[in-house]
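Here is a friendly walk through a protein chain. Take a moment to look it over, and then we can go through it step by step.

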Amino acid sequence: PDYWPRCYGLDVGYNWTACMWLAIDPNSKVVYTYDEYYVGQAVAAIHASAIRQRGDWIAGVIDPSSQQRSGTDGRSMLEIYHQEGLLLDLANNAVETGISKISNLLATGQMKICKQSCPNLIKEFSTYRRDDKGKVAPKQQDHALDAWRYAVMSGLDYAITYEEATSQDNNQHESAHDSDPITGY
């Protein structure tokens, strides 16, 4: 429903760009992963258009490495996506903390995944494992998982309802906190 706060997490790359949308039931506080975008080898304008179509008022968080400048034109992916009209801030990229937070939410029933609209997340989640040293293995084909982790770790802080977004003078997204330019959080 429109009165549920929403946010998204974005993992950008040439081979795959993934975006995961979350909504929070204000009564139960259960977080629902309700939609995904998962497309490879497309330009930022294509990705941004698809993301805006799901609600141009929804704020998101992006991988902190997106602020690195390109050697070819000097622009960062974060700048490009801002120019494309996305309301983005930098995500906290703490991998182990994020995995732990998601695991706890799932184990306690505070996180639900809509299987029909999140097939890539389900596929990546089913291949997730740790090696004999306890490290995540393999750390590949995990774009939806990374976007999901960004949304859970940082995006929930920006979750807003449609009414809140449209009733405020929200033309410019402002960070709820200052972030370190190196770490992004």
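What follows moves from the overall layout to the cores, an aromatic pair and the cysteines.

Keep in mind as you look that this is a predicted model. The chain contains 6 helices and 8 strands. Followed along the sequence, these elements come in the order β-β-β-α-β-α-β-α-β-α-β-β-α-α. The chain has 185 residues, and 43% of them count as buried. Its accessible surface is about 10000 Å², with 49% of that belonging to carbon and sulfur atoms. If you take the contacts between residues at least 6 apart in sequence, 65% of them join residues at least 24 apart.

Now let us look inside. The largest nonpolar core is made of 21 residues, and those with the most contacts inside it are Tyr 8, Leu 10, Ile 62, Tyr 81, Leu 86 and Leu 88. Strand S1 (6-11), strand S2 (17-24), H1, helix H2 (77-83) and strand S5 (88-90) are the elements that give two or more residues to this core. The most come from H1, which gives 4 residues.

The structure holds 5 aromatic pairs. In one of them, the ring centres of Trp 57 and Tyr 162 are 5.5 Å apart and the planes stand at 75°, so this pair is edge-to-face. The two partners lie 105 residues apart and link distant parts of the chain: Trp 57 is in the loop between helix H1 (44-53) and strand S4 (60-62), while Tyr 162 is in helix H6 (residues 162-167). Trp 57 counts as buried, at 12% relative accessibility, whereas Tyr 162 is partly exposed, at 38%.

Finally, how many disulfides does the structure hold? There are 0. For Cys 7, the closest cysteine sulfur is in Cys 19, at 9.5 Å, which is too far for a bond. Cys 7 is buried, with a relative accessible area of 1%. Cys 114 is in no disulfide either, as the nearest cysteine sulfur, in Cys 118, is 6.0 Å away and the cut-off for a disulfide is within 2.5 Å. Cys 114 counts as partly exposed, at 28% relative accessibility.

Notes. Residues are numbered from 1 along each chain as its sequence is written. This is a predicted model: local features need pLDDT of at least 70, side-chain atom pairs count only at pLDDT 80 or more; totals for chains, interfaces and linings use all residues. Side-chain values use heavy atoms; hydrogens and water are left out. Buried means under 20% relative accessible area, exposed over 50%, partly exposed in between (1.4 Å probe, protein chains only). Contact means heavy atoms within 4.5 Å. Accessible areas come from the Shrake-Rupley method with a 1.4 Å probe; for residues, only the protein chains shown count as cover. Rings of Phe, Tyr and Trp (its six-membered ring) pair if their centres lie within 6.5 Å; planes under 30 degrees apart count as stacked, over 60 as edge-to-face and the rest as tilted. A nonpolar core is a set of buried Ala, Val, Leu, Ile, Met, Phe, Trp, Tyr and Cys residues joined through side-chain atoms within 4.5 Å.
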